[in-house]
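These are my notebook entries from reading through a structure that I had not seen before. I wrote down what I looked up, in the order in which I looked.

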Amino acid sequence: MQKQPPPHHPESHAPVQALLAVDMQCAFVHGDGAVPHADRLLDRVRDLMARARESGAFVVQLQNDGEPGSPDEPGTPGWAVALPVDTDRGEVVLRKTVDDGFEGTRLEELLKEAGVTELAICGVMSEMCVSATARTALDLDFRVVLPHDAHATYDIPAAEGISDLVPAAMVSRVAEWALGDEVEIAVRASDVGFTKP
């Protein structure tokens with residue numbers, strides 16, 4: 001059976017009640033180790049956060065605790081979240097140790113306590129933490145909108161006998177496609193609207 005593409009038209013995206021920013025940490029968006037086009041990603045996520053806050057939507061940031069010696073090892077400069085957290089609005093940063101932002105965290109509980117049933121997900125990495133978190137959100141019956149220009153990853157290096165280098169943009173697109181037809185892909189972050197839970 002041929003897979004049907006997810007909806008892509010801006011008019012198909014009703015507002016969501018929450019924004020989940022995945023692993024927007026300094027190691028991944030600043031300096032030599034940043035994902036390709038990190039400045040553009042930061043701009044899109046800043047815009048999403050600003051509009052979510054203005055609309056009274058719930059904002060959560062996930063922060064990955066990397067292994068010792070990794071760029072996102074806890075306590076290192078790379079581990080810090082790159083964007084401000086508005087604690088006065090009840091925003092939280094949830095630390096995690098695996099790709100899925102729901103596993104071993106209070107994310108599901110916090111979203112349900114806030115009355116959230118619909119959320120947008122952005123951040124890094126497209127095929128790892130963003131994908132794993134989006135998949136679980138769908139499994140938990142949340143409506144999920146994934147803005148195409150607000151998640152990113154790295155190139156996959158060439159592997160002899162397997163493939164040439166796979167560009168980051170292609171990896172991100174495949175990650176979207178692999179989530180199936182339940183996820184809503186917004187062409188632009190600016191297509192995503194927000195509302196109070």
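I began with Glu176, which counts as buried at 1% relative accessibility, where buried means under 20% relative accessible area, exposed over 50% and partly exposed in between, with a 1.4 Å probe and protein chains only. I found its side chain meeting that of Arg173 in a salt bridge at 2.8 Å, N to O, the term standing for a side-chain nitrogen of Lys or Arg within 4 Å of a carboxyl oxygen of Asp or Glu. Arg173 counts as partly exposed, at 30% relative accessibility. Both residues sit in helix α5 (residues 168–178), and because they are 3 residues apart, about one helical turn separates them. For the element names, I noted that helices (H or I, at least four residues) and strands (E, at least two) are DSSP runs, numbered from the N terminus.

Before going on I wrote down that this is a predicted model, in which local features need pLDDT of at least 70 and side-chain atom pairs count only at pLDDT 80 or more, while totals for chains, interfaces and linings use all residues. Residues are numbered from 1 along each chain as its sequence is written, and side-chain values use heavy atoms, with hydrogens and water left out.

How many salt bridges are there by this rule? I read off a count of 13. One of them links Glu91 to Arg89, with the closest N and O atoms 3.0 Å apart; Glu91 is buried at a relative accessible area of 5%, whereas Arg89 is partly exposed at 30%. Another joins Arg188 and Asp191, with the closest N and O atoms 3.3 Å apart; here Arg188 is partly exposed at 39% and Asp191 is buried at 15%. I also noted that salt bridges with shared partners join Arg53, Arg89 and Glu91 into one network.

Then I turned to the backbone. The peptide bond from Val124 to Met125 is cis, with omega near -15 degrees, and Met125 lies in the loop between β4 and α4. His37, in the loop between α1 and α2, has a positive phi of about 60 degrees although it is not a glycine, and it counts as exposed at 55% relative accessibility.

Which loop holds Asp141? I placed Asp141 between α4 (126–139) and β5 (143–147), with a positive phi near 70 degrees in a residue other than glycine. Asp141 is exposed, with a relative accessible area of 68%.

My last entry concerns Lys196, which is in the segment after β7 (184–186) and is exposed at a relative accessible area of 58%. I noted that Lys196 and Phe58 are 138 residues apart in sequence and 7.4 Å apart in space, C-alpha to C-alpha.
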